Structures are given as C-alpha cells and as structure tokens.
Protein chains: 2
Amino acid sequence: MAKPFLLGVLGGMGPLATLDFQHKLLAATPADNDQQQLPSVVWNVPQIADRQKALAGSGPSPLPQLLHGIEKLNQAGASHIVIPCNTAHHWYDELSAASAAPLLHIVEATIESLLNLPHKPQRVGLIATQGTLDAGWYQRGLSGQHIDVVLPTADELAQWFVPGCYAVKRGALREGGELLTRQARALLERGAEQLLLACTEVPVALEAVAAPFLSMTHDPAQLLAQRCAQIWLEYRHSYFAHTQSNNLNK
Amino acid sequence: MAKPFLLGVLGGMGPLATLDFQHKLLAATPADNDQQQLPSVVWNVPQIADRQKALAGSGPSPLPQLLHGIEKLNQAGASHIVIPCNTAHHWYDELSAASAAPLLHIVEATIESLLNLPHKPQRVGLIATQGTLDAGWYQRGLSGQHIDVVLPTADELAQWFVPGCYAVKRGALREGGELLTRQARALLERGAEQLLLACTEVPVALEAVAAPFLSMTHDPAQLLAQRCAQIWLEYRHSYFAHTQSNNLNK
C-alpha cells in the first residue's frame with residue numbers, strides 16, 4: 001500500500017477562500033457517509049505577509065510563513081499538498097523543493113481540465129491578481145491551446161479587482177461581489193466568451209451576489225478540488241479492495 | 001509572551017459540521033484583513049469509528065483515532081483545542097489527559113453563555129444524540145440553572161433525529177433538515193420555549209431549510225466558536241500592543 005492518503009491544505013490566503021475550497025472538496029467527493037469523505041489537514045493561518053504587496057515590491061515576502069506551513073503539513077503526514085491561492089503559486093518552486101509530499105499545481109489542474117472541455121472557447125477572460133497576471137501561467141496554458149486571453153487593464157484592477165478582493169478578506173461579500181461583477185462584465189464586453197476566476201476570493205464573492213454569468217465561468221479552485229477528489233477516490237477504491245480481500249482471506 | 005495562539009480543531013465528525021464550525025469562527029471574529037483572522041489548524045479526517053454506534057455498543061471505539069488527531073494537533077503547535085462534535089465529548093477526559101494544549105469543552109462554553117442570557121427560558125428542548133443525552137452533561141448544566149429540559153423520546157430519535165443526522169453526513173441537507181425540523185417541532189409542541197441544538201449536524205441542516213424557529217435556538221458550536229474568538233481577540237490585542245510598544249522603543 002502507498003502512504004495513506006491525507007490532503008494537506010496550505011490555506012489562510014484568505015481564510016474564507018480556504019473554507020470555500022473545503023466545500024469544493026466535499027462537493028467533488030461522492031460519499032455515503034463520513035468515512036468515505038476525503039481526509040484533510042488544513043493549515044488555516046492567515047498571519048502571512050500580503051502576497052499582492054510582496055509581488056508589487058511594497059511589502060515583505062510571505063515565503064518564510066509559507067515554508068512553515070509546508071513543514072507543518074508534512075509533519076502531520078500529508079501525502080499531497082495543495083494551495084488554494086493562485087498568487088501564492090509564485091513561490092511554488094521553493095515550496096515544492098521543501099516538501100516531501102508532492103504539491104499539486106492549481107494552474108496545471110485547471111489547464112488539464114480545460115483540455116477536456118467538449119466545446120473549447122475562442123476567447124477567455126482572466127480575472128487574477130497583478131502577481132498572477134505577471135507570472136503568465138494561465139496565459140501560456142491558454143495560448144498553448146490556441147485560446148485568446150482577455151486581460152483586465154491596470155485601471156480596472158485598481159478600481160474593481162483589488163478593492164473587491166480586500167472587501168472579501170474583511171467579510172464584505174456583497175460589496176466585493178459588486179466590484180468583481182464590474183470587473184467580470186468589462187472582460188465579457190471585450191469579447192470574452194468564458195471567464196477564468198483565477199483568484200480564490202472571486203468565486204466566493206460572485207456566488208454571494210448570485211452573478212448571472214456564473215455559468216460562463218471556470219473556477220481553478222474547483223478544478224483543483226476535483227483533481228484531489230479523483231486521487232482520493234482512486235486511493236479509496238484500492239484501499240477498500242485491499243481491506244475486502246484481506247477479510248476474504250481470513 | 002504566552003505561546004502563540006493557534007486553535008487546533010479536532011474535526012471530521014462530520015466533515016461538513018467541521019466546515020460549519022470554521023464559518024462560525026470567521027463570523028465570531030471582527031477583522032479588517034486576513035491577518036487579523038483567527039489562526040487555526042484543522043484535522044478534518046473523517047475516517048473515525050462511528051461515535052453513535054460505539055456508544056450504543058454496536059461498533060468499535062473511536063478513541064484511538066481521536067487520540068491520533070489530538071497528537072497531530074499538538075505537534076502542529078496548537079495552543080488550544082476544540083472538538084466541534086458534542087458526542088465525541090464522551091472521550092473528553094482521555095483526550096484532555098493526552099493533550100498538552102487545553103481542550104475547551106463545548107458544554108462548558110454553552111452553559112457559560114446561557115448564564116449570561118438577559119431573559120432566561122423556563123423550559124429548553126435538547127436535540128442531541130443518544131450518547132450525549134445519556135451522558136447528561138446538558139441536563140445537569142440546565143437544571144443547575146433551574147431550567148426544565150424537554151428531551152426527545154426514543155421513537156422520535158429513531159424516526160427523525162438519527163436518519164436526519166446521517167442524511168447530513170451524506171450531503172442530503174434538505175432531507176436532513178426536514179427530518180430534524182420534525183424533531184424540533186415535537187419538542188416545541190411539548191412546551192420547550194427555546195432549543196439547544198447539541199449535535200453539530202443539526203444547525204447546518206436547519207439553516208439549509210431556513211427553519212422558521214431558528215431564532216429560538218442556541219447552537220453550542222456557535223457558542224464554542226465565540227469563546228475561541230474571545231481568547232484570540234485577547235491574545236491579538238496583547239500581541240499588537242506588544243508589537244507596537246516594541247516599535248515605539250526602537
């Protein structure tokens with residue numbers, strides 16, 4: 001048998017997005033009882049230096065606190081680790097190098113899932129932090145599939161996206177949802193057929209205001225949760241098969 | 001300075017109740033940004049022997065798995081530990097003895113909070129598992145305050161409460177909510193003025209069906225979350241005061 005499956009969640013960025021991710025894990029896992037649900041250990045410690053400010057050069061790096069979380073999750077016995085925060089993937093290589101458990105990458109899980117869409121869109125709008133946009137992960141993944149990307153302008157980010165995210169972080173979901181709706185509409189008006197909500201605060205806020213275009217969106221946190229559930233189901237299946245064959249041999 | 005505040009949550013009983021408790025922690029904590037939110041590490045591993053069956057003598061004890069969770073939370077650096085599951089408090093003494101971090105007791109937090117009610121009810125209905133009812137914790141706490149307790153009958157538990165809880169555990173919130181609404185109405189009809197929802201699956205399900213009597217209920221998980229937030233706010237206050245005075249001394 002492989003190491004027992006235990007999903008480590010490096011959360012806290014922000015705490016509400018971490019809870020939202022846990023709901024997505026539950027929703028992605030078919031289960032008849034508690035015992036069939038995906039086991040996880042969640043490091044939900046939001047005392048982490050601000051990622052957006054660090055990447056803008058106006059604040060300290062969150063890396064030491066992220067490394068501390070990775071260490072704790074490994075000590076707890078995590079077999080796989082995920083980070084339900086797109087921007088924090090800026091430090092993916094350093095965190096991955098420091099972790100015995102493999103880190104599933106949110107962008108890889110997303111692009112892999114888009115590859116399997118029955119009707120591939122021509123133009124996708126990308127809602128993300130400046131740090132995620134600068135990194136270019138999603139743009140490269142999308143253009144690799146010959147999909148055009150519609151990006152927010154600097155003005156839109158400053159006026160709608162950034163204050164929208166910080167509103168979510170202080171629990172003002174409706175205010176955040178309204179600001180982020182404006183950001184989303186701007187991308188749709190510039191020709192995006194579908195939207196990639198590549199910041200984990202965004203889907204929470206858009207759901208809170210029941211944004212009418214939600215069916216046109218893809219949520220990387222959800223796609224990552226589905227990937228985790230898939231790994232758990234494979235493990236659960238082989239575990240139960242093993243337990244059953246053991247019982248039969250008795 | 002005291003050991004850094006870090007709330008350990010021994011969850012997984014069930015996984016949705018564990019998420020609900022985390023929402024209650026967020027709601028109980030006034031915060032302007034991520035960094036002010038309560039830090040926690042959540043052991044959400046639902047592969048724990050069924051507590052109701054163990055107490056009914058029809059299944060193995062969950063104690064080894066609970067002790068494992070307590071050990072992991074202590075290793076992760078928890079300064080305080082809570083268990084958002086009433087029934088699991090049957091093993092409170094053994095878990096407490098094995099934990100360096102103090103375990104906050106859900107019944108103590110609840111009774112303490114009821115003591116501070118402006119208008120003390122005369123008769124309170126108690127919705128809980130057979131294990132929690134048999135333990136008598138809430139009954140003793142309430143009669144200590146000269147409050148009469150209205151209990152579910154064995155028939156009601158078998159017909160409504162037990163299948164309602166297991167419905168929540170497999171994600172059928174509406175079905176669970178309807179069954180648990182019947183249990184709640186039976187206690188109200190027998191003269192309960194208020195209800196104590198002393199099983200963490202119950203408030204989740206009653207909220208899912210927007211039960212009209214929710215304002216007449218007390219939720220021990222919420223009262224426990226408020227107690228945790230209170231400890232965090234005291235720590236946060238002294239921590240920021242300390243940091244500020246350090247900065248002033250520079």
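This is a predicted model: local features need pLDDT of at least 70, side-chain atom pairs count only at pLDDT 80 or more; totals for chains, interfaces and linings use all residues.
The largest nonpolar core contains 111 residues. Within this core, L7(A), F21(A), L7(B) and F21(B) touch the most other members. For L7(A), residues up to four places away in sequence being set aside, the contacts are F21(A), L25(A), L38(A), P39(A), S40(A), V41(A), H80(A), V82(A) and C228(A). As a general matter, nonpolar side chains in soluble globular proteins tend to be buried together.

In chain B, V82(B) belongs to strand β3, which covers residues 80-82. V82(B) is buried, and its relative accessible area is 0%. When neighbours within four places in sequence are left out, V82(B) is in contact with L7(B), G8(B), V9(B), L10(B), F21(B), L104(B), L224(B) and C228(B). Two of the residues named for the largest core, L7(B) and F21(B), are therefore among the contacts of V82(B), a residue that is buried because its relative accessible area, 0%, falls under 20%. Between V82(B) and I70(B), the separation is twelve residues in sequence and 9.8 Å in space, taken from C-alpha to C-alpha.

The contact between the chains involves 38 residues from chain A and 37 residues from chain B. The area buried between chain A and chain B is about 2,800 Å², and carbon and sulfur atoms account for 53% of this area. On the side of chain A, L19(A), D34(A) and Q35(A) supply 21% of the area that chain A buries against chain B, more than any other three residues.

Polar interactions are also found across the interface. There are 17 residue pairs in polar contact between chain A and chain B, and four salt bridges cross the interface. Among the elements of chain A, α1 (15-28), β2 (40-44) and α3 (63-75) each supply at least two residues of the side that touches chain B. The most is given by α1(A), with six residues. By residue class, the side of chain A that touches chain B divides into 18 nonpolar, 13 polar and seven charged residues.

Over all chains, 17 salt bridges are found. In one of them, D34(B) pairs with R51(A), and the closest N and O atoms are 3.3 Å apart. This pair crosses between chains: D34(B) lies in the loop between α1 and β2 (40-44) of chain B, while R51(A) lies in helix α2 (residues 51-55) of chain A. Both D34(B) and R51(A) are buried.

In chain A, R174(A) pairs with E178(A), the closest N and O atoms being 3.4 Å apart. R174(A) and E178(A) are separated by about one helical turn because they are four residues apart in helix α9 (residues 173-189) of chain A. R174(A) is exposed, with a relative accessible area of 52%, whereas E178(A) is partly exposed at 44%. In chain B, E175(B) pairs with R170(B), with 2.9 Å between the closest N and O atoms. E175(B) is partly exposed, at a relative accessible area of 38%, and R170(B) is partly exposed with a value of 38%.

Some backbone features occur in loops. In chain A, the peptide bond from M13(A) to G14(A) is cis, with omega near -15 degrees, and G14(A) lies in the loop between β1 (7-10) and α1. In chain B, a cis peptide bond joins M13(B) and G14(B), with omega about -15 degrees. The loop that holds G14(B) runs between β1 (7-10) and α1 (15-28) of chain B.

H146(A) is not a glycine, yet has a positive phi of about 60 degrees. H146(A) is placed in the loop between α7 (137-143) and β5 (148-150) of chain A and is exposed, with a relative accessible area of 70%. H146(B), likewise not a glycine, has a positive phi of about 60 degrees. H146(B) lies in the loop between α7 (137-143) and β5 (148-150) of chain B and is exposed, with a relative accessible area of 70%. Q145(B) is also placed in the loop between α7 and β5 of chain B, but Q145(B) is buried, with a relative accessible area of 5%. Apart from neighbours within four places in sequence, Q145(B) is in contact with I111(B), L114(B), L115(B) and K120(B).

Definitions and conventions
Residues are numbered from 1 along each chain as its sequence is written. Chains are lettered from A and ligands numbered from 1 in the order in which they are written. Side-chain values use heavy atoms; hydrogens and water are left out. A nonpolar core is a set of buried Ala, Val, Leu, Ile, Met, Phe, Trp, Tyr and Cys residues joined through side-chain atoms within 4.5 Å. Buried means under 20% relative accessible area, exposed over 50%, partly exposed in between (1.4 Å probe, protein chains only). Contact means heavy atoms within 4.5 Å. Buried area is the accessible area (1.4 Å probe) that two parts lose on being put together, summed over both. A salt bridge is a side-chain nitrogen of Lys or Arg within 4 Å of a carboxyl oxygen of Asp or Glu. A polar contact is a pair of N or O atoms within 3.5 Å; within protein, one must be able to donate a hydrogen and the other to accept it, and residues adjacent in sequence count only if both atoms are side-chain atoms. Ala, Val, Leu, Ile, Met, Phe, Trp, Tyr, Cys and Pro count as nonpolar, Asp, Glu, Lys and Arg as charged, and the others, Gly among them, as polar.
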